[in-house]
Every structure is written in structure tokens, then in C-alpha cells.
Amino acid sequence: MNRKLLGSFVAVAVLAGACGGGGAPAQSQGGTNLTGSVKLDGSSTVFPVSEAFAEEFQKKNPGVRVTVGISGTGGGFKKFCAGETDISDASRPITKAEMDVCKAAGIQFVELPIAFDGLSVMVSPKNSFISCLTVSELKKIWEPEAQGKITNWNQVRLSFPDQRMTLYGAGADSGTFDYFTEAINKKEKASRGDFTASEDDNVLVQGISSDPNALGYFGYAYYSENKDKLKLVGIDNEKGAGCVAPSPETILSGTYQPLSRPIFIYAKVSELERPEVKAFLDFYLATANNQLITSVGYVPLPQQHYPTLSDRVAKKQAGTVFTGVTQTGVKIEDLFSRTPAIP
């Protein structure tokens, strides 16, 4: 994967960490004598981050094999709760139903937000008529009632051309699908079904980039990797701020709403006894390695929060901060003002 360092992301990461401390020290991240394996699966949004950490960790620890799969957030939790993986990548918090499955299997987890993403709406660079959409217009396009009825662009806005739209979006097992539908349609998984769906964001990139009448959505990192193929659409949340595009600054500040969101990894408590799993998590949470997050196009948390996450791992602090709390509109302070709990 091409990991061009994004200067603006690095600037924001430095800004975010200016008032904070460090994470797990670099020297505690394992050594060349480590052996074994670490298995991750889940979100395609989180995949580029975990892949970057896996590659760098294996360079320092060649005796450890780290594998990262993509089956969507929901698919990843199915494998995690079935005992097939050690760590689950997630672009949304774990649900009550997923927690119940894990609990029935005797599996406890440590919840670790690792960065912020701005779920991004994209069109082809060949599209000359869309630069900004309101939340109401997005709902008009994507709500279940739109299926078979809202088919041409001039039905969304009269000034748009009378041309048939083509839609691309996340698959049903994707946390991105869950988040987008709740944020825009006010109900998780409520969406029209007549669109090209995939848990692999690269499939969406290819489809959107080749069609001037296409529109789709996915995580900001995939836009960062494909800026020459895609055109970013600003979003007006109709609360007075006007049109705001996702950027390192707007994602971290929470001004890009309602589509800014934290992304997560979930670690299995029972596997923290294994030195290679613990070492990989220490490596993942070390502030010295935050450039791996920025390099794939996401925004690291302010640095003072990573020691808190490392402490959760060290204490095997199981549970989630999202018990009874909506997953949309979450800001950094929401992730650390509550103590993880098992419902």
C-alpha cells in the first residue's frame, strides 16, 4: 500500500500531542526473540492502520506472524466472538447483540479507540455539479423510501442535471454502513438497497472514480490514498456552520459533523497473556508510532490519551464506554470521560 506521509496530518498530530505525555515506551514493544502469531480481522476502514502496524511490528519482530483480514466490522466481531481472532478491527463500537454473543462464548474484550476518521462522501473528478450536499439531501438520496424513486440527480436538487445517479456504499457487514445509516437516516442499517455495496473500499474507489454520475462514501484514508481519482464532497449539517469538508483539522475538532467518528481495535482479554499479542498492542498504542496512523490518512488521538489505553491493556480492563450511548456525534472527551463497563 502506498503510504505517502500527509504533512497536514503530521502537523495536527504534533498539535494534538503538544499538551500530552507519551504512550507505552518504544523499548517495551517486544524484541527479536518473540515468536508466535497475532490474528486481526474486521473493518476495511481500520485495515490500512492495522496493516501498517503489522508490517512495521514484523520488521522488528520477524519471529511473529501478524495477519490482518477484511470481513467488515460485523464480520470481524463474528470471528472474534467465535474465538477465531485475537483482535477485532472496528469502525464503530461493539453492539449489545455482539457483546451478548461474546459473553455467551466466555470472551471478554478491551475496547481501544485508536484514531479518528471522517467518513467521506465522494464523487468522480469528472463530476462538475456537486461540491457540497446537505444532510437532508444525503438522506433524500439514501433513505429506504428513495429506492426506485430518487433515481436522477435533478430529483435531489433542481439545479443538478437530469442524469441517472449511480450509488456506491459499504456492505451490510460494515461498521461504516451502520454508522452512515444512523448518522444520515437516523436508524442503523436503514438504507435503500439499490446500490453497489462492498466491504472492500477499494472496490468502491474504482466504481466511483470511473463514473461522472456516481456517488459513494467510505473512510477518509481511502480518499487520501486516491486523491487523483476522487473528488471530495463537503457536508452541510444544517446547523449554521455551512459546508464543511473532512480534513485533519475538521475531523479532530469535531466540526465535520455528523460524519466524524472514532475507530477502534478490540483485544481479547484471554490473549493478553501471550507475549506476542501484548507486545503488538504496546507497539500499536505507543505515541512514538503515531506516524503510522497519519501515514494512512487518519487522525491520531491527542497523545495524552494513549497511556490511558495502554493502562486498559495492562489492567485487562474489560468492557465498553458505549453502554446505552449513541455511536454518532462522538467526540474525544466522550471516549475518556466514562469508565469501560460490561453491560
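Visitor: What should I know about the model before we start?

Guide: This is a predicted model, where local features need pLDDT of at least 70, side-chain atom pairs count only at pLDDT 80 or more, and totals for chains, interfaces and linings use all residues. Residues are numbered from 1 along each chain as its sequence is written, and side-chain values use heavy atoms, with hydrogens and water left out.

Visitor: What is the average pLDDT of the chain?

Guide: pLDDT is the predictor's confidence in each residue, from 0 to 100. The chain averages 89, and 90% of the residues score at least 70. Over residues 1-30, though, pLDDT stays under 50.

Visitor: How many helices and strands are there, and what makes a run count as one?

Guide: There are 13 helices and 13 strands.

Visitor: Why is threonine 176 called buried?

Guide: Buried means under 20% relative accessible area, exposed means over 50%, and partly exposed is in between (1.4 Å probe, protein chains only). Threonine 176 has a relative accessible area of 2%, so it is buried. Its place is in helix H6, residues 175-185.

Visitor: What makes the link between threonine 176 and arginine 261 a polar contact?

Guide: The rule wants a pair of N or O atoms within 3.5 Å; within protein, one must be able to donate a hydrogen and the other to accept it, and residues adjacent in sequence count only if both atoms are side-chain atoms. These two side chains are joined at 3.1 Å, so the pair is inside the 3.5 Å limit.

Visitor: Why is tyrosine 256 called buried, and where does it lie?

Guide: Its relative accessible area is 0%, so tyrosine 256 is buried. It lies in the loop between helix H9 (248-253) and strand S12 (260-268). A polar atom of its side chain lies 2.8 Å from the backbone oxygen of leucine 119. Contact means heavy atoms within 4.5 Å, and beyond four places in sequence the contacts of tyrosine 256 include Gly118, Val244 and Ile251.

Visitor: Why is helix H10 described as largely enclosed?

Guide: Nine of the eleven residues of H10 (275-285) are buried, so the rest of the structure largely encloses it. Among them are Glu276, Asp282 and Tyr284.

Visitor: How do you know that the charged end of lysine 268 sits over the ring of phenylalanine 80?

Guide: The test asks for NZ of Lys or CZ of Arg within 6 Å of the ring centre and within 35 degrees of the ring normal. Lysine 268 has its charged end 4.9 Å from the centre of that ring and sits over it. Arginine 261 does likewise over the ring of tyrosine 179, at 5.9 Å from its centre.

Technical notes. Helices (H or I, at least four residues) and strands (E, at least two) are DSSP runs, numbered from the N terminus.
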